Amino acid sequence: MSIRTCNFVAAFAQFLGPGLFDGFAEASLSHLLKLSGTTKKIIGNAAADVAKVIATTIVPQRTFPVLISGAMDKNVASRLRSFECLKIISERSYEDHHSN
């Protein structure tokens, strides 16, 4: 059930794109980062993959507070996933800045 939900959220984010999915991005990302810290590796990896899809899809300004709070989480896996998403967003911003 969790993996199917993760797949749905990823497809939903890609379908709606940056403009329409931004309203859902904060809540989705927050829950996915918590889910990525679970002890079940399959679910944790699926949640992390979806978090990365969201990080590449959305406008990053609204998700920085969620990612920063995730980076300060007690769970090591959640912190790692938060930093991975921050890295994706910073690389995307760098590419956007230098492509113009």
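1. Partly exposed residues are those between the buried limit, under 20% relative accessible area, and the exposed limit, over 50%. Ile3 has 34% relative accessibility, so it counts as partly exposed. Its place is in helix H1. Beyond its neighbours within four places in sequence, Ile3 contacts Ile42, Ile43 and Ala46. The C-alpha atoms of Ile3 and Ala47 are 7.7 Å apart, although 44 residues separate the two along the chain.

2. Overall picture. This is a predicted model. The protein has four helices and zero strands. Along the sequence the pattern reads α-α-α-α. The C-alpha atoms fill a box of roughly 45 × 30 × 20 Å along the principal axes. A compact globule with 100 residues would have a radius of gyration near 13 Å; the protein has 13 Å, so the two agree.

3. Of the 100 residues, 38% count as buried. The protein exposes about 6200 Å², and carbon and sulfur atoms supply 62% of that area. Take the contacts with a separation of 6 or more: 67% of them join residues 24 or more positions apart.

4. The nonpolar core. In soluble globular proteins, nonpolar side chains tend to be buried together. Here the largest nonpolar core has 22 residues. Phe21, Leu29, Leu32, Val50, Ile54 and Leu67 touch the most other members. Which elements give two or more residues to this core? They are H1, helix H2 (41-57), H3 and helix H4 (76-99). H1 gives the most, with nine residues.

5. Leu29, one of those core residues, deserves a look. Not counting residues up to four places away in sequence, Leu29 touches Ala51, Ile54, Thr63, Val66 and Leu67. Two of these partners, Ile54 and Leu67, are themselves listed among the core residues that touch the most other members.

6. Ser36. Is this residue buried or exposed? Ser36 has a relative accessible area of 4%; the buried limit is under 20%, so Ser36 is buried. Ser36 lies in helix H1 (residues 2-36). Leaving aside neighbours within four places in sequence, Ser36 is in contact with Gly44, Ala47, Ala48, Ala77, Ser78 and Arg81.

7. A nonpolar patch on the surface. Phe64, Ile68 and Met72 form it. Together they have about 310 Å² of accessible area. Phe64 is in helix H3 (residues 64-71). With 35% relative accessibility, Phe64 counts as partly exposed.

8. Salt bridges. Side chains of opposite charge can pair when their charged atoms come close. A search of the whole structure finds three salt bridges. One of them joins Glu84 and Lys52, with the closest N and O atoms 3.5 Å apart. Glu84 lies in helix H4 and Lys52 in helix H2, so this pair ties together parts that are 32 residues apart in sequence. Both ends are partly exposed: Glu84 has 23% relative accessibility, and Lys52 has a relative accessible area of 28%.

9. Glu84 also meets Arg81 in a salt bridge, at 3.6 Å from N to O. Arg81 and Glu84 both lie in helix H4, three residues apart, about one turn of the helix. Arg81 is buried, with a relative accessible area of 15%; the limit for that class is under 20%.

10. The remaining pair. Which residue does Glu91 meet in a salt bridge? The partner is Lys87, at 3.9 Å from N to O. The cut-off for a salt bridge is within 4 Å. Glu91 and Lys87 are four residues apart in helix H4, so about one helical turn separates them. Glu91 has 39% relative accessibility and counts as partly exposed.

Technical notes: Residues numbered from 1 in each chain as written. Predicted model: local features only at pLDDT ≥ 70, side-chain atom pairs only at ≥ 80, totals over all residues. Heavy atoms only, no water. Buried < 20%, exposed > 50% of the residue type's maximum accessible area, 1.4 Å probe, protein only. Contact = heavy atoms within 4.5 Å. Patch = residues over 30% accessible without salt bridge, like charges linked within 9 Å, V, L, I, M, F, W, Y side chains within 5 Å. Areas by Shrake-Rupley, 256 points an atom, 1.4 Å probe, with all protein chains shown as cover. Salt bridge = Lys/Arg side-chain N within 4 Å of Asp/Glu carboxyl O. Core = buried A, V, L, I, M, F, W, Y, C linked by side-chain atoms within 4.5 Å. Rg over C-alpha atoms; globule rule 2.2 N^0.38 Å.
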